[in-house]
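Please look through the structure shown below with this report at hand.

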Amino acid sequence: MLRVPFDELYAALNRAMQRLDLAPERAAQCARLFAETTRDGIYTHGLNRFPRFVASIANGSTDVHAEPTRTAGIGAIERWDGNRGIGNLNAVASMQRAIDLARQHGIGGVALANTNHWMRGGTYGWQAAEQGLFAICWSNTLANMPVWGATTPTLGNTPLVIAAPHPGAPIVLDMATSQFSYGTIAAYAKRGQPLPVDGGFDAAGNLTKDAAAIEASQRALPIGYWKGSGLSLLLDMLAAMLSGGLAAHQIPRDPLRESGISQIFLAIDPSSLASQQELTRIVEGILNSLREATPVNPQKPIRYPGEQTLQLREENLRLGVPVDPEIWQRINTPTLPHSG
């Protein structure tokens, strides 16, 4: 991997976004989201995802000019239509709207239909937690995971994000309902490395650590087996029903044309319930208890969700952000398709 300074990565992405016909302000924000995801070590959903993002624009699945519009709402909850716009821009706007509603009502919710892949889901948990709010958000996906007991992809590997505020170090859980996201599976397959634990089934129906075999079978393993299967099903239902959008089985199966996604963004403002001092005392007590656990490997201390992100962020800002040389060369050429 090549390491480049963060500012250089952001600048290159910003130029690439403008070549894709994004307006300057939207290009800058979209570039920042891609760059920060890469900076934070979520390489599968940062720069490495950029070629798929470009392809979705070129084939018409993503409209770079579209912005979300409010379609319904009462009190603290609203429905919005993403109008097939850029997924991460729609998502950051939706979470900010949920935050604004929570400032008014204590809790705020946005159900977003007809959008595109939100890239790193954890982005929107960090967004809320850094403003002092709790967050829960999730997105359905194309059907790429079997319901438990079946052999064919029926459910999405629905990403779920839960975040809690903590001064300087938010707690952010960002997980798929499959044991590994397909981005992670693809990364292991590209390196020719086995997954650390079983991550899905091969063509013969055997559990395997072979990432390439799981890509071929499209049978990722649900977390907790039947429990992950049930969780994915209900999250898909809630997202589609509350937003009025598509469910997983209605979303195009081609990853390059995955569009019309449904998402939920919930924010909770604790300021009317507790002081910052009380919240900090509680979270510090929980984290101190966590750190007292005896690690299986003394060389690998116990960490909370989001802690490694902070460590990688510091390292990558200091040493440069790791980038795939092939993709880095691509975004620095003037040959990206124009969305028109």
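Helices (H or I, at least four residues) and strands (E, at least two) are taken here as DSSP runs, numbered from the N terminus. Helix α6 is followed by Gly192, whose phi is positive, near 70 degrees. This is a predicted model, in which local features need pLDDT of at least 70 and side-chain atom pairs count only at pLDDT 80 or more, while totals for chains, interfaces and linings use all residues. Residues are numbered from 1 along each chain as its sequence is written, and side-chain values use heavy atoms, with hydrogens and water left out.

**Two helices and their buried residues**

A residue is called buried under 20% relative accessible area, exposed over 50%, and partly exposed in between (1.4 Å probe, protein chains only). In helix α6, which spans residues 182-191, the buried residues are Tyr182, Gly183, Ile185 and Tyr188, and their cover includes α7 (211-217). Helix α4 (residues 87-105) holds Asn88, which is buried with a relative accessible area of 1%. If neighbours within four places in sequence are left aside, Asn88 is in contact (heavy atoms within 4.5 Å) with Cys30, Leu33, Phe34, His117, Trp118, Met119 and Tyr124.

**Salt bridges**

A salt bridge is a side-chain nitrogen of Lys or Arg within 4 Å of a carboxyl oxygen of Asp or Glu, and by this rule the count comes to 11.

| Pair | Closest N to O |
|---|---|
| Asp324 and Lys190 | 2.8 Å |
| Asp198 and Lys209 | 3.7 Å |

The pair of Arg313, in helix α10 (residues 307-319), and Asp40, in the loop between α2 (24-39) and α3 (50-58), links parts of the chain that are 273 residues apart. Arg313 is buried at 17% relative accessible area, and Asp40 is also buried, at 0%. Both belong to a network of salt bridges that links Arg39, Asp40, Arg120 and Arg313.

Asp324 lies in the loop between β13 (321-323) and α11 (325-331), 134 residues from its partner Lys190 in helix α6. Here Asp324 is buried at 11%, whereas Lys190 is exposed at 62%.

**A nonpolar patch**

Patches are made of residues with over 30% relative accessible area and no salt bridge, like charges being joined within 9 Å and nonpolar side chains (Val, Leu, Ile, Met, Phe, Trp, Tyr) within 5 Å. One nonpolar surface patch, of about 530 Å², is made by Leu233, Leu234, Met237, Leu238, Met241 and Leu242. Of these residues, Met237 is placed in helix α8 (residues 226-243) and counts as partly exposed at 38% relative accessibility.

Conventions:
Accessible areas come from the Shrake-Rupley method with a 1.4 Å probe; for residues, only the protein chains shown count as cover.
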